[in-house]
Amino acid sequence: MSLLDTPLRGLLGIELPLVQAPMANNAPPALAAAVSAAGALGSIAGAALSPEELRLAIREVREATDRPFAVNLFAPPYLRDGVLEVVLEERPPVFSFTFGIVDPAPLRAVGIVTIGTATTADEARALEETGVDAVVAQGAEAGGHRGSFLGGFPLVPLVELVPACVEAVLLPVVAAGGIADGRDIVELLNLGASGVSLGTAFLFTPEAGRPRRHLEALRTVETVVTDAYTGRPMRAAGTPVLRELMAGPPPLPFPEQRAVAAQKGPLFMGGTGARRARELDAGELVRLLFAEAQEAGASSMPPG
Ligand SMILES: Cc1cc2nc3c(=O)[nH]c(=O)nc-3n(C[C@H](O)[C@H](O)[C@H](O)COP(=O)(O)O)c2cc1C
């Protein structure tokens, strides 16, 4: 059996156990559609969308591909009014969330597979107890906001978090944070992950449509984790603008701090893998990652 033939594939109905991480304000529906069409799981980042925008995004992806895709939202108290209702009505194949717990029961009742985000083994256990179908293990390396919801903002390196989560829960564990190539994928599958989730790597695809200055900042400036941008810890390029905010007064609560930050200048979320990101079409990137993984996996198989 191939290392890539994991339970996540059957659960999500995908050919390749790879999820394009949802990235609010950074990942348009066209990216999700391209990734799903390539055989992995694209994700619509719904957290910054109105109910009507979310409905249109779901329909856009459905028109572009008949393959499975996910919709992602923030958990309460950050869940916007009316968006979960759209998910229940439109019934995307998969629903993922971060920042806490969304009760999976009503989603499951209409046939939607649910995925929660954990930054510790305890959070993975809490998600399993609520009845989700899979857990994303978000390591310290991950770009964007930390999903932590059980006190504090732990920064567990992914190679420690994945085995801890695999031991803590029976559910498929999806590794996220700093993953850039096929070797990374093989390393994490060997640690027991059932799949991988990549965000930053997809920021560099034309489908994401990120401005050049975002990509350059991630390539040239070391990333840092701080709550000075939005009021919640997230990883972004440690540009002079962000450093100035970090040296300033304590941040307002999430998400009000964002307005304070916006007055200072542009900021660029992303993870530690940006320097190794390739600028390719999203579908090509998915195919390359798996060709590399197959090569790396094959060469690490015992002879005979
Ligand atoms: C720009 C950006 C925005 C993000 N927004 C979301 C989001 O809306 N919802 C979510 O669950 N995760 C979000 N994340 C976190 C990703 O789901 C994922 O954990 C992360 O991208 C994985 O690490 P990587 O970026 O190093 O691949 C975001 C990440 C980035 C880089």
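In which order do the three strands of the open antiparallel sheet stand? The order is β7-β11-β10. The legends below refer to a predicted model.

**Figure 1. The three-strand sheet of β7, β11 and β10.**
This sheet is open, and its pairing is antiparallel. Strands β7 and β10 (223-226) stand at the edges with a single partner strand each, so one side of each has no neighbour in the sheet. β7 is joined to β11 (residues 234-237) by two bridges in the antiparallel sense. Gly144 has Arg235 of β11 as its bridge partner, and His145 stands opposite Met234 of β11. The pairing of β10 with β11 is also antiparallel and runs over four bridges. Here Val224 stands opposite Ala236 in β11.

**Figure 2. The eight-strand parallel sheet.**
The strand order in this open sheet is β1-β9-β8-β6-β5-β4-β3-β2. Which strands stand at the edges? They are β1 (18-20) and β2 (42-45); each has a single partner strand, so one side of each is left without a neighbour in the sheet. On average, neighbouring strands of the sheet are turned by 25 degrees against each other, direction ignored. Within the sheet, β4 runs parallel to β5 (residues 113-118), and three bridges join the two strands. The bridge partner of Ser96 in β5 is Ile115.

**Figure 3. The packing of helix α3 with helix α4.**
Two packed helices are described by the angle between their axes and the distance between the axes. For α3 (residues 51-64) and α4 (residues 83-90), the axes come within 9 Å and cross at roughly 30 degrees. Angles under 35 degrees count as roughly parallel, so α3 is roughly parallel to α4. The crossing of the two helices is right-handed. On the α3 side, the residues that meet α4 are Pro51, Leu54, Arg55 and Ile58. Their counterparts in α4 are Val83, Val86 and Glu90. Sorted by class, this contact holds five nonpolar, no polar and two charged residues.

**Figure 4. The packing of helix α6 with helix α7.**
Helix α6 (residues 121-130) packs on helix α7 (residues 158-168) at an angle of about 35 degrees. The axes of α6 and α7 are 8 Å apart. This crossing is right-handed. Which residues make the contact of α6 and α7? From α6 they are Ala121, Ala124 and Arg125, and from α7 they are Ala164, Cys165 and Ala168. By class, the contact of α6 with α7 has five nonpolar, no polar and one charged residues.

**Figure 5. The shell of residues around the ligand.**
How many residues surround the ligand? There are 29, and the closest are Ala24, Gly143, Gly144, Gly199 and Gly271. Three elements, β7 (144-145), β9 (195-198) and α9 (200-203), each supply at least two residues of the shell. By class, the shell has 12 nonpolar, 16 polar and one charged residues. Gly144, one of the closest residues to the ligand, is also the bridge partner of Arg235 in β11.

**Figure 6. Two cis peptide bonds, at Pro77 and Pro255.**
Pro76 and Pro77 are joined by a cis peptide bond with an omega of about 10 degrees. Pro77 belongs to the loop between β3 (69-74) and α4. Another cis peptide bond joins Phe254 and Pro255, with an omega of about 0 degrees. The loop that holds Pro255 lies between α11 (240-247) and α12 (257-262).

**Figure 7. The backbone at Arg91.**
Arg91 is not a glycine, yet its phi is positive, at about 50 degrees. Where does Arg91 lie? Its place is in the loop between α4 and β4 (94-98).

Definitions and conventions:
Residues numbered from 1 in each chain as written. Predicted model: local features only at pLDDT ≥ 70, side-chain atom pairs only at ≥ 80, totals over all residues. Axes fitted to C-alpha atoms, helices over the stretch in contact; angles between N-to-C directions. Parallel < 35°, antiparallel > 145°, perpendicular 65-115°, else oblique. Left-handed = near helix turned anticlockwise from the far one by under 90°. Contact = placed C-beta atoms within 7 Å. Nonpolar A, V, L, I, M, F, W, Y, C, P; charged D, E, K, R; others polar. Near = placed C-beta within 6 Å. Pairing = 2+ DSSP bridges.
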